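Welcome! Here is a short tour for someone meeting this structure for the first time.

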Amino acid sequence: MEFYKHALYLVFSAFGLLYSVKVHRNAPVAKPGYYALIKFYSARDARRAQCACNQKALFQTTPLKISMCTRQRTFPHQLGLNSYKCRELANHYLGFNGWSSRIITLQNISGFEEVENEEEEIRTSPKSQQSKYLCVQELTIPQHGICTRGVGVAELPMDPSQGFHVTTHSLQKLAVQRALSDAFQKILLVVLENGKVAVEYSSSQDDPIDCLAEEEFKGLLQVTDLSLSGLNHEGDEEILSDLSVDEE
């Protein structure tokens, strides 16, 4: 099965950046064999691949039937790409040196939650058995003059009776990942027919977090100097559903 997955990846990645390649055995009621689900980030790339490869013997003697998925997956709320997929997409279209990010704030906010009192004012109150980190991260795309910020919160209940333990490092990493993902949700990549890429700020309204000066964060949260190199981005990636509209 891994052979087919690798062979399909080599064939279809020539048409554009792939989101995923999955190979499955046919259902017991069907003839022995396999079928594959291949997702592109770009629907245009998927159509080009389908037109070029349908009924062709790509890496075997039997021609493959390739069709576009027609059913759409619906979500109750719009979900964004996780930070790994965002970096993959940005590196492909903008280049490794075409964008950068840095942590502005990474703060332990465990033990407090916002509670609205009777006078409509916000105060903090203790919250036990809870571990929570908040991160604000800045995303910059200098060639297109874009600078935006994202906010990520990692929170998990701590239950000593079950012996469940989450390290501080893991929560910090998850908060950083979610902040980067949130920042990328405000960016729109427009890929033109000639291959050029335009980048736009796509937030529906001015985001307060983008309007604050960096010095103003010091009055809200303690600014922690922590390099991204100290966080392992491989593995333990947050699980967020993708934006694909095709049904698997």
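Predicted model: local features only at pLDDT ≥ 70, side-chain atom pairs only at ≥ 80, totals over all residues.

Residues are numbered from 1 along each chain as its sequence is written, and side-chain values use heavy atoms, with hydrogens and water left out. Helices (H or I, at least four residues) and strands (E, at least two) are DSSP runs, numbered from the N terminus.

**Helix H3**
- Helix H3 covers residues 83-94, and its 12 residues reach 16 Å from the first C-alpha to the last. That is close to the 16 Å expected at 1.5 Å a residue, where the expected span is 1.5 Å times one less than the number of residues.
- At the start of H3, a side-chain oxygen of asparagine 82 comes to within 3.2 Å of the backbone nitrogen of tyrosine 84.
- After H3 comes glycine 95, with a positive phi near 90 degrees.
- Among the buried residues of H3 are Cys86, Leu89 and Leu94; buried means under 20% relative accessible area, exposed over 50%, and partly exposed in between (1.4 Å probe, protein chains only).
- The partners that the buried residues of H3 pack against include strand E1 (18-25), helix H2 (43-53) and helix H4 (168-184).

**Nonpolar cores**
- A nonpolar core is a set of buried Ala, Val, Leu, Ile, Met, Phe, Trp, Tyr and Cys residues joined through side-chain atoms within 4.5 Å.
- The largest one has 18 residues, and Leu94, Trp99, Leu139, Ile141, Phe184, Ile187 and Val199 touch the most other members.
- H3 gives the most to this core, with five residues.
- Apart from it lies another core, of 11 residues, including Leu8 and Phe15.

**Salt bridges**
- The whole structure holds six salt bridges, each a side-chain nitrogen of Lys or Arg within 4 Å of a carboxyl oxygen of Asp or Glu.
- One of them joins glutamate 193 and arginine 44 (3.3 Å, N to O). This pair links distant parts of the chain, 149 residues apart: the loop between E8 and E9, and helix H2.
- Glutamate 193 counts as exposed, at 70% relative accessibility, while arginine 44 is partly exposed at 25%.
- Arg102, Glu138 and Arg149 are linked in a network of salt bridges. Glutamate 138 meets arginine 102 with the closest N and O atoms 3.0 Å apart, and arginine 149 at 3.6 Å.

Notes
Contact = heavy atoms within 4.5 Å. Polar contact = N/O pair within 3.5 Å; in protein donor to acceptor, adjacent residues only side chain to side chain.
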